[in-house]
Amino acid sequence: MRALDSYIYKMTQKPIFHKEFFAKMHTFKELEHVDVEDLDMLKLLGLPITKYNNYAFTLETITTPIGQGKFCVVDIEANGSKPTLHQIIEIGAVMIENGKEVAQFSSLVKADILPDSIEQLTGITLAELQHAPSLNSVLEAFRLFIKDAVFVAHNVNFDYYFISYALEQAGFGPLLNRRLDTIDLAKKCIEAPKYGLGALTEYLGIGFENHHRALCDARATAQVFFKALEKLPEGVQTVEQLIDFTKPQNQKKKKKEKPVKPSTGTSL
């Protein structure tokens with residue numbers, strides 16, 4: 001987790017005074033080229049920031065009911081597994097607002113390298129990629145699509161940090177969106193033998209056309225998301241409570257206390 005993410009998490013615990021917030025945001029390397037005192041810019045980068053009062057900031061997700069939340073379900077395909085060495089070749093996303101799908105995003109990305117293993121896995125060809133829009137243009141369009149919605153994905157950190165790194169390299173600044181992993185959410189709400197996207201959708205009876213194509217995977221993930229929401233505990237009401245609920249709990253094993261040997265002596 002980035003230090004930046006840890007600081008944003010602090011905002012879910014209590015409001016932060018304006019002066020402290022701006023001073024801290026100036027210290028993050030990822031934001032060195034960002035006007036961190038422009039709240040509209042921060043919202044464009046994905047941070048759902050809002051004024052708590054005249055002196056402090058908080059996050060909209062803390063009070064927004066889940067049914068009124070904005071969730072962007074995302075999937076990417078890439079020509080390798082490492083953001084620093086490889087490139088995104090496709091982005092697909094489904095926007096959910098007020099409990100309904102309201103828009104979709106889908107684009108291949110221009111690339112000159114496509115390993116045979118990726119072509120076989122996805123069905124995407126190098127010829128298709130060579131005539132696709134540039135990475136920068138697709139990233140810019142995606143950023144305008146997601147805005148400050150919660151970033152949702154199956155194994156969310158892979159998609160989130162891959163896109164965030166690409167955005168930074170393109171000069172667009174990092175992702176600051178709150179994020180949610182549907183694997184962790186499903187494990188909390190759905191009893192299933194396996195939680196990979198293919199196995200889970202099959203178990204839930206969700207139609208799945210082209211696995212390992214970004215939009216198809218995003219749409220399937222959105223259906224898993226909806227299924228899981230149906231089984232939420234009553235106490236999970238707001239968007240931020242939902243995000244917190246999905247996080248795996250670090251349950252430390254308690255040390256077994258040594259049994260106390262009963263006294264067999266007689267008191268004097």
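User: Which residue stands opposite C72 in β7?

Analyst: In this predicted model, C72 is placed opposite F151 of β7. Strands here are DSSP runs of E with at least two residues, and helices are runs of H or I with at least four, numbered from the N terminus. Strand β4 (residues 70–78) and strand β7 (residues 150–153) run parallel and are joined by three bridges; two strands pair if DSSP finds at least two bridges between them.

User: What is the order of the strands in the open sheet?

Analyst: The order of the five strands is β6-β5-β4-β7-β8, with mixed pairing. Because β6 (100–108) and β8 (179–181) stand at the edges with a single partner strand each, one side of each has no neighbour in the sheet.

User: How should I read the packing of helix α6 and helix α7?

Analyst: Two packed helices are described by the angle between their axes and by the distance between those axes. The axes of α6 (residues 135–146) and α7 (residues 156–169) come within 10 Å and cross at roughly 115 degrees. Axes are lines fitted to C-alpha atoms, for helices over the stretch in contact, with angles from 0 to 180 degrees between N-to-C directions.

User: Which residues make this contact?

Analyst: L139, F142 and R143 of α6 meet I163, A166 and L167 of α7, contact meaning heavy atoms within 4.5 Å.

User: What conventions apply to the model?

Analyst: Local features need pLDDT of at least 70, side-chain atom pairs count only at pLDDT 80 or more, and totals for chains, interfaces and linings use all residues. Residues are numbered from 1 along each chain as its sequence is written, and side-chain values use heavy atoms, leaving out hydrogens and water.
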